[in-house]
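Here are my notes on the model you sent over. They are set out as numbered points, each of which can be checked against the coordinates.

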Amino acid sequence: MDYRIIRRKIESKATSKISESVSLHNIFSTKFLVFLQTIVYEAISSQIFLLLAAMTIGSQHKDRLFTEHRLPSDFVFDEQVASVFEDMINRSVPGYSTIIFMIGLLAERYYQDESNIYDLGCSLGGASCSILEHLKESSCKIIAIDNSQAMIERLEHKKAQFGERGNQIEGRHENVQDTEISNASVVILNFTLQFIPPADRKALIEKIYAGMNPGGILIISEKIIFTDEHLNKLLIDSYHQFKEGMGYSKLEISQKRTALENVLIPETLDEQKKRMRSSGFGTFEVWFQCFNFASMVGIK
Ligand SMILES: C[S@@+](CC[C@H](N)C(=O)[O-])C[C@H]1O[C@@H](n2cnc3c(N)ncnc32)[C@H](O)[C@@H]1O
């Protein structure tokens with residue numbers, strides 16, 4: 001929201017109201033006009049107050065976790081991260097909202113009646129909520145898994161925005177490596193696989209494939225790397241410029257990068273494709289890419 005535009009609108013409304021009141025000077029007494037102007041100014045100041053309140057609430061959820069100098073430590077999806085996660089992911093992952101929207105559309109296309117939908121590493125359930133919005137008429141069951149207790153607790157609050165339908169999302173505090181997958185027509189790994197130890201990734205994809213119904217879809221989004229060093233640097237630099245454009249300082253960018261170094265292990269698209277093919281997925285392709293972020297689909 002651009003607060004300057006809103007403020008200008010409020011001010012111009014006030015000015016036009018005041019000039020109207022001046023032209024009515026002949027009809028009403030000065031006392032009455034002063035009373036009217038007081039009401040107008042009261043209205044303006046209460047709107048400004050609401051505006052300031054909205055700005056304060058907004059800023060409580062803004063990701064400022066890496067603004068101050070800190071000792072290097074590994075990134076964890078704890079309460080602190082969960083409380084700013086929505087702002088963090090929207091300002092850190094180029095195309096995140098497009099990917100979330102498209103997950104809803106793809107689910108609408110591939111969901112099979114009476115089957116299960118899995119959102120693995122769901123965080124606050126962005127993908128699950130998009131699916132629920134797109135599958136309005138369906139009684140689909142979405143199993144949303146995360147091994148961060150803080151994320152799952154917040155997901156429970158988020159579900160409430162759907163009323164009764166929110167119960168179609170079943171949040172589970174669990175390691176996706178332990179999750180049993182069965183009767184699945186839609187499986188989502190939206191920026192989760194990159195946090196699984198590389199040696200365990202193939203087993204996870206094979207388990208997902210085995211639990212999927214023929215014709216089902218797996219959507220995987222990941223941060224990626226490139227074997228061409230020049231291209232790799234170009235895309236990482238471009239990504240950092242994107243983050244600066246989203247309001248992160250150079251210090252925030254570099255401290256977060258260090259914190260993620262041992263936790264988020266990216267792979268090349270070739271590695272992803274190879275693993276998908278050897279796990280059984282005959283059809284697999286990238287449908288979205290921006291800098292070093294990509295989203296892929298595999299059909300069983
Ligand atoms: C980048 S976030 C995923 C964003 C989310 N899918 C979305 O679309 O908004 C990664 C999430 O995966 C979760 N995660 C990482 N490893 C996991 C594991 N082994 N089991 C379950 N969840 C895991 C983290 O707790 C975190 O919430």
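**Notes on the model**

1. His 240 is located in helix α8; helices here are DSSP runs of H or I with at least four residues, strands are runs of E with at least two, and both are numbered from the N terminus. His 240 is partly exposed, because 16 other C-beta atoms lie within 10 Å. A residue is called buried if 20 or more other C-beta atoms lie within 10 Å of its own, exposed if 12 or fewer, and partly exposed in between, with C-beta atoms placed from the backbone. Phe 291 is 51 residues away from His 240 in sequence, and the two are 9.9 Å apart in space, C-alpha to C-alpha.

2. This is a predicted model, in which local features need pLDDT of at least 70, side-chain atom pairs count only at pLDDT 80 or more, and totals for chains, interfaces and linings use all residues. Residues are numbered from 1 along each chain as its sequence is written.

3. The average pLDDT of the chain is 84, and 80% of the residues score at least 70; pLDDT is the predictor's confidence in each residue, from 0 to 100. Over residues 1-60 the pLDDT is below 50, and this stretch has 17 contacts in the model beyond near neighbours in sequence. Two residues are in contact if their C-beta atoms, placed from the backbone, lie within 7 Å. Where pLDDT is low, the predicted coordinates should not be read in detail.

4. Overall, the chain has 10 helices and 7 strands. Of its 300 residues, 29% are buried. Among contacts between residues at least 6 apart in sequence, 77% join residues at least 24 apart.

5. Back to helix α8. Its 17 residues (229-245) should span 24 Å at 1.5 Å a residue, and the end C-alpha atoms are 24 Å apart, which agrees; the expected span is 1.5 Å times one less than the number of residues. Just after α8, Gly 247 has a positive phi of about 100 degrees.

6. Lys 243 also sits in helix α8. Is Lys 243 buried or exposed? Lys 243 counts as buried, because it has 20 C-beta neighbours inside 10 Å. Leaving aside neighbours within four places in sequence, Lys 243 is in contact with Ser 92, Tyr 248 and Ile 253. Pro 94 is 149 residues from Lys 243 along the chain, yet their C-alpha atoms are separated by 8.7 Å.

7. The largest nonpolar core has 54 residues, and Ile 103, Ala 107, Ile 117, Ile 142, Val 186, Val 187 and Ile 188 touch the most other members. Helix α4 (residues 96-110) gives the largest share of this core, 8 residues. A nonpolar core is a set of buried Ala, Val, Leu, Ile, Met, Phe, Trp, Tyr and Cys residues joined through C-beta atoms within 7 Å. Helix α6 (residues 149-159) has Ala 150, Met 151, Ile 152, Arg 154, Leu 155 and Lys 159 as its buried residues. The cover over these buried residues of α6 includes α3 (79-92), β2 and β3.

8. Ile 205 is in helix α7. Ile 205 counts as buried, because it has 24 C-beta neighbours inside 10 Å. Leaving aside neighbours within four places in sequence, Ile 205 is in contact with Arg 275, Met 276 and Ser 279. Ile 205 and Phe 281 are 76 residues apart in sequence and 9.6 Å apart in space, C-alpha to C-alpha.

9. Asn 183 is not a glycine but has a positive phi of about 50 degrees; Asn 183 lies in the loop between β3 (169-173) and β4 (184-190). Asn 183 is partly exposed, because 13 other C-beta atoms lie within 10 Å. Phe 191, not a glycine either, has a positive phi of about 60 degrees and is in the loop between β4 and α7 (198-211). Phe 191 counts as buried, because it has 22 C-beta neighbours inside 10 Å.

10. Which residues come nearest to the ligand? Of the 20 residues around the ligand, these are Phe 77, Gly 121, Asn 147, Ser 148 and Asn 190. A residue is near a molecule or strand if its C-beta atom, placed from the backbone, lies within 6 Å of it. The elements giving two or more residues to this shell are α5 (126-134) and β2 (141-146). By class, the shell has 10 nonpolar, 9 polar and 1 charged residues. Ala, Val, Leu, Ile, Met, Phe, Trp, Tyr, Cys and Pro count as nonpolar, Asp, Glu, Lys and Arg as charged, and the others, Gly among them, as polar.
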